[in-house]
Amino acid sequence: MITLNEIRADLRDIKYYYARRKMFDQTSNVVGRNKIIEKVELYNACVCSAPPRLYDIYVSLYLNNHTQESLSENIGYTVEYISKLNGQLIRFLQKNLNK
């Protein structure tokens, strides 16, 4: 069973992957495919069945590399609400990744 802390760590790795995606793509043919790509594919497939707001939070925070503060400014939600949605996302991922 995957824990909430493991999901948080995975999301940090996913965020890093997307921030440096060009490097990962360019070097996968030379060095080999990094294991984070498998995790990215797993999480992306899982989040496709998430409610729209959670899907948006996942894309905005982890793929588009926003902070909770910058995202709150961009979409007009409070930082606290973004944090609440992120918590809901993490619990959604835990529930669905453990199936």
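Predicted model: local features only at pLDDT ≥ 70, side-chain atom pairs only at ≥ 80, totals over all residues.
## Basis

Local features need pLDDT of at least 70, side-chain atom pairs count only at pLDDT 80 or more, and totals for chains, interfaces and linings use all residues. Numbering starts from 1 along each chain as its sequence is written, and side-chain values use heavy atoms, without hydrogens and water.

## Packing of α4 and α6

Helix α4 spans residues 52-63 and helix α6 residues 79-97 (helices are DSSP runs of H or I, at least four residues, numbered from the N terminus). Their axes lie 9 Å apart, at an angle of about 105° (axes are lines fitted to C-alpha atoms over the stretch in contact; angles run from 0 to 180 degrees between N-to-C directions). That makes α4 roughly perpendicular to α6 (65 to 115 degrees).

From α4, the contact takes R53, L54, I57, Y58, L61 and Y62 (heavy atoms within 4.5 Å). From α6 come Y81, I82, L85, N86, Q88, L89 and F92. These residues divide into 10 nonpolar, 2 polar and 1 charged (Ala, Val, Leu, Ile, Met, Phe, Trp, Tyr, Cys and Pro are nonpolar; Asp, Glu, Lys and Arg charged; the others, Gly among them, polar).

## Aromatic pairs

The count is 5 aromatic pairs (ring centres within 6.5 Å, with the six-membered ring for Trp; planes under 30 degrees apart are stacked, over 60 edge-to-face, the rest tilted). Y17 and F24 form a tilted pair, 5.2 Å centre to centre with 55° between the planes. Both are buried (under 20% relative accessible area, 1.4 Å probe, protein chains only). Ring pairs link Y16, Y17, Y18 and F24 into a cluster.

Y58 and Y62 also form a tilted pair, at 6.1 Å and 40°. Both lie in α4, 4 residues apart, about one turn of the helix. Y58 is buried at 1% relative accessible area, and Y62 is buried at 9%.

Conventions: Helix = DSSP H or I, 4+ residues; strand = E, 2+ residues; numbered from the N terminus. Parallel < 35°, antiparallel > 145°, perpendicular 65-115°, else oblique. Buried < 20%, exposed > 50% of the residue type's maximum accessible area, 1.4 Å probe, protein only.
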